[in-house]
Amino acid sequence: MKRKINSIILNVVLILVGIITVYPFVWMVCSSFKQNSEIMALEQHLLPQVFTIDNYINMNERFNFLRFFANSLFVTIAITILVAYTSTICGFVLSKYKFKGRNLLFGFVLATMMIPWCVTIIPKYTMIQEFGWMDSYKALIIPAMFSGFGIFNMKQHIATLPDEILEAARIDGANEYYIFHRIVLPMAKNGIFSIAIFQFLWSWEDYLWPYLVINTKEKQLLAVGLKMFNGQYSTDYGALFAATAISIIPVLVIYLIFQKQFIAGIAASAVKG
Amino acid sequence: MKKKIVAMLLVVSLAVSGLVGCGSSTTTGTAGKTNVEVPTEPFGDTIKYDPVVEINDGKDITIELWEWGSDDLFQQVIDGYTAIHPNVTIKLVNNPWEDYWTKLPLSLNGQNGPAIFNVHNSYHENLINYMAPLEIPLEDLQADFTGVDAHVIDGEVYYIDYGMMTGTVYYNKEMWAAAGLTEEDIPKTWDEMREVAKKLTIKDGDRLIQAGLNFNDDFHQNYLLGLNYQLGTNLFLEDGRTPNVNSEAMKQVMQMLVDMYEVDGIGSKDFGEKGADSFGQGQSAMVIQWGHYYNTLQTTWSNIDFGVFEIPTFDENPYAYNRYNGESTFGVNKNAPADQQAVAQDFIKYFLANDEIQIEFNLAMSTFPAKKSLADNEKILENPSLAVLAEHIDRYIWPGSMPSTMETSLKKAGQDIFYNGVDIDTALNEAQENIIRDMENSTFTSVENLYAHAE
Amino acid sequence: MFKKSHPLQSKSEIILRNIVVIAMVIFFTVFLIIPIGIAFVGSFHEWNPLSGTYNFLGLKNYINVFSSELFWTSMLNTLIFSVVVIIFRVCLGLAIAYAIYSSIVKYKSFFRAVYYMPVVTPMVAVAFVWKFMYNPQLGTINQLLGLDINWLMNPKTALLAVMIMTIWKDFGYAVVMYMAGLYSLPTDALEAAKVDGASAWQTFRYITLPLLKPMTLFVIITSIISYIQAYVQILIMTEGGPGTTTYLASYIIYDEAFVKYNFGYASALSFVLFVITAVFTWLSFRVSGTKE
């Protein structure tokens, strides 16, 4: 009986927190179907009084939003795959190989996580200009290829894999490439998923850097596009909310699909670290 | 599990590709150009544009034009120009306002900056190093446009203003009538203004229902930086470099604002986040706003029936009525290839000589035309927010392209006074110090001394 | 120790190791060390890329940073902001994760997904939505609570309002982290406690919590790093106002670098912030007693 009451209370509390969490989203989605005058009107209703899908239509006509969406998807996936791979291989080398300067290198990787974006962004920008990478996806993808956070996590994760399996493979005559690709990679699957989801999220949301290096409108990314609704004298809230509603879909979908692996991956790398 | 993932991924990718498909098909529809009449005779006042003269020897050339917002307006000029010169292609690049100012200077600093770009004088210092002087003779510009002198740097002009924007009072006609007010009651002085505002204020006990006047979030722009001129005090000292924001005039203006809310009770710092929105929401009866507000009212707040009158003054013959700011013409990138620069220069000449375009631009921005021949143009005077300016338009001062710290520091001072309980003297002195510090490396010099009625 | 690592190094191992190490070193040199070097040198200069100024100033930028009142206000704000948000993030995250984890709650993955939604939404959009909700006249919050507070313009509530929004956005991250931690706890320890007759609270306090320490440390450190760098919510919701009551350190950097183009001053500020981040990270390692 007591257990039952506890369960009800707990569920009610969780649902309440859930409502608080979700309400701003509901508000945002509802507002994306309102006209701007209604969004700012004194009389506020959650549901649109005059239902309109103009925001969604305008958004695409004025900003070619779906193009941005596709660009973002491409760049984000490319970075995510690259980072997942480089993090795993670096993590493998740092955790399973012994060599001089290994700890120094690892300590350095840790330190990179602490450097605020503002320190490096200005010089990085001038460098990209000199490399002639401006306005190309090279400027987005190459500087993001390695991630201190990713390497750190994968190192912790791979350290938990038993050495015996690797040794057995070595005795069977497998070379290191085989060991990495066929044994370590599949075994570190959960860790890779969690890194991939983190990375996907960050790249998807990253605003300042793509905005600085990409000029051509056709190549621009979604997060930058969100800012386009901010005019000189006013903000087009309806279109902004419509765009946001669409922009969070892929991240949510990916998170929902890989939830289990994501959590298992975090568990393996962080808890035992 | 795997099947499920694959299936979901497929659905997602299908949905995305479907959406993208729709996207590209709708955008191609906008490419259709409207037919533009091609002039064959030279037009313009002193600055004449001759459409017969070929540009770039008739060879094909493509240049980029950068601007923020209002694509249609710019496309119209481009279409008109390219109809005369079919060999020229002008690519319009639009960046949102804030981003424009981060990105444009960085892009001009690099190799592939646009040949021609829209200028706003508040970002003068970030752009001037990248601009080529206009090729149109200075005397011609001076003959056709007002306010050119303020833009002369070492005998050269890099851009001028096509329109002047300033503040006027917008009032809600329904509320006006409900309070028993008529056209006769339109205030000329601030004292009258405060009386009218009291009549327009509605309260339920202590709670404000309707504010007579609302200046939340824009007092620094629309009151503090401008009303000082009515009292005969400039924003900068005679050297043109030292700010003068802790002057007696500024304190008087600030004190008046505080009294309006705290003594008269015609509004409140917590009533309506922004005066401009509050007026649109039908909560405030009057606001002082700059020209752009006219368009906001037309689009966002179309159900407000409003009227416009000239800004009140402290006494009958003020030194000047208010500050104005110019909407600027384009700038030419001095690092662009010579042939592109030539097109850019020609394009600007076309823009300045063409009356119709000048009118379009001024109406779109609700700015008073700087082109002298358009000051009594019918179409311009049809816009009430411009019509009320016509009589005293020569009594407005442009201080030059002030560094943004003037606005931000005064905004901070005002917020400190209203919300943080700081006294006026302290807050304005602090603003003064802030501005001096921020302007340490600035090259700005005030052009208040170029005001036609300067004493 | 020696047994575990294989003593013989094959050729393929050396090649793979060299490729990876060299790639890492090159990458981090080009995209981190060199930029940091440039920024560090720049922090001793008057540096404005637009006007092309680059004059040696010595320590002047640093002196200006430390003698600026705004810097100290912003440091205090950053401290309050980070500490409060981190405490709530950790406590709320742990409590909710534990509640979902306990066997009496159904639909575990549903809750987990719901709480994670704000984490994946861009801050720009979230900040705009909350700005509307805080509006004194039309905002949901005043209407729902029957209050009449000008949240973002009252010096007493402005920073609080921004902190509440940030907690709302970020607590889901801690929930998911702690859930991961809880699922990987060794069940035998918990079983043993049950057998010994420990109460639920005792089990939590003396077994679960200590076992979750690495996760707590992880959440705290990633939070320190990200909150010391937070500026988007300020940019959109308050612009540092009213007055200077909600200035955060990173917001000044953003303002100085990309609005005023004082790259030199901004770089100096960045380095000060970097040192502070490093110190706090080191401190949290020390306090938790973990080495490495």
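## Around C:Y178

Start with C:Y178: leaving aside neighbours within four places in sequence, this residue is in contact with C:G93, C:L94, C:A97, C:L212 and C:M215. Contact here is a C-beta criterion, with the two atoms, placed from the backbone, lying within 7 Å. A word on the ground rules: this is a predicted model, where local features need pLDDT of at least 70, side-chain atom pairs count only at pLDDT 80 or more, and totals for chains, interfaces and linings use all residues. Residues are numbered from 1 along each chain as its sequence is written, while chains are lettered from A and ligands numbered from 1 in the order in which they are written.

C:Y178 also turns up in the largest nonpolar core, which has 270 residues. A nonpolar core is a set of buried Ala, Val, Leu, Ile, Met, Phe, Trp, Tyr and Cys residues joined through C-beta atoms within 7 Å. Buried means 20 or more other C-beta atoms within 10 Å of a residue's own, exposed means 12 or fewer, and partly exposed is in between, again with C-beta atoms placed from the backbone. The members that touch the most other members are A:L240, B:I116, B:M286, C:V175, C:M177, C:Y178 and C:M179. Helix α7 of chain C (residues 158–183) supplies the largest share of this core, 15 residues. Helices are DSSP runs (H or I, at least four residues), strands likewise (E, at least two), and both are numbered from the N terminus.

## Chain C against chains A and B

Between chains C and A, 69 residues of chain C are in contact with 66 residues of chain A. On the chain C side, the elements giving two or more residues are α1, α3 (69–101), α4 (108–116), α5 (123–133), α7, α10 (213–228), α12 (249–258) and α13 (263–288). The largest share, 15 residues, comes from α1(C). By class, this side divides into 50 nonpolar, 15 polar and four charged residues. The classes work like this: Ala, Val, Leu, Ile, Met, Phe, Trp, Tyr, Cys and Pro are nonpolar, Asp, Glu, Lys and Arg are charged, and the others, Gly among them, are polar.

For chains B and C, the contact takes 14 residues from chain B and 19 residues from chain C. On the chain B side, α3 (97–109) and α17 (405–419) each supply at least two residues, and α17(B) gives the most, with four. That side has two nonpolar, eight polar and four charged residues.

## Domains in chain C

Chain C is assigned domain 1 (11–61) and domain 2 (62–288), with bounds that come from an automatic or database domain assignment. Their centres, taken over C-alpha atoms, are 30 Å apart. The contact takes 14 residues from domain 1 and 13 residues from domain 2.

On the domain 1 side, α1 (11–42), β1 (45–48) and α2 (60–67) of chain C each supply at least two residues. β1(C) gives the most, with four residues. By class, that side has seven nonpolar, five polar and two charged residues.

## Chain B: confidence and domains

Chain B has a mean pLDDT of 88, and 92% of its residues reach 70 or more; pLDDT is the predictor's confidence in each residue, from 0 to 100. The stretch to watch is residues 1–33 of chain B, where the pLDDT is below 50 and the model has 19 contacts beyond near neighbours in sequence. Where pLDDT is low, the predicted coordinates should not be read in detail.

Chain B is divided into domain 1 (56–165 + 326–388) and domain 2 (167–323 + 397–450). Here 16 residues of domain 1 are in contact with 19 residues of domain 2. α4 (124–127) and α16 (384–387) of chain B are the elements that give two or more residues to the domain 1 side.

Chain B has an open sheet of three strands, ordered β14-β7-β16 with antiparallel pairing. Strands pair if DSSP finds at least two bridges between them. Four bridges join β7 (residues 161–165) to β14(B), and B:D161 has B:S328 as its bridge partner. Elsewhere in chain B, three bridges join antiparallel strands β9 (residues 202–204) and β10 (residues 207–210). In their hairpin, which has two residues between the strands, B:G205 takes a positive phi near 65°.

A:D135 lies in the loop between α6 (117–131) and α7 (138–141) of chain A, and is partly exposed, with 16 other C-beta atoms within 10 Å. B:D154 lies in the loop between β5 (152–153) and β6 (156–157) of chain B, and counts as exposed, with 5 C-beta neighbours inside 10 Å.
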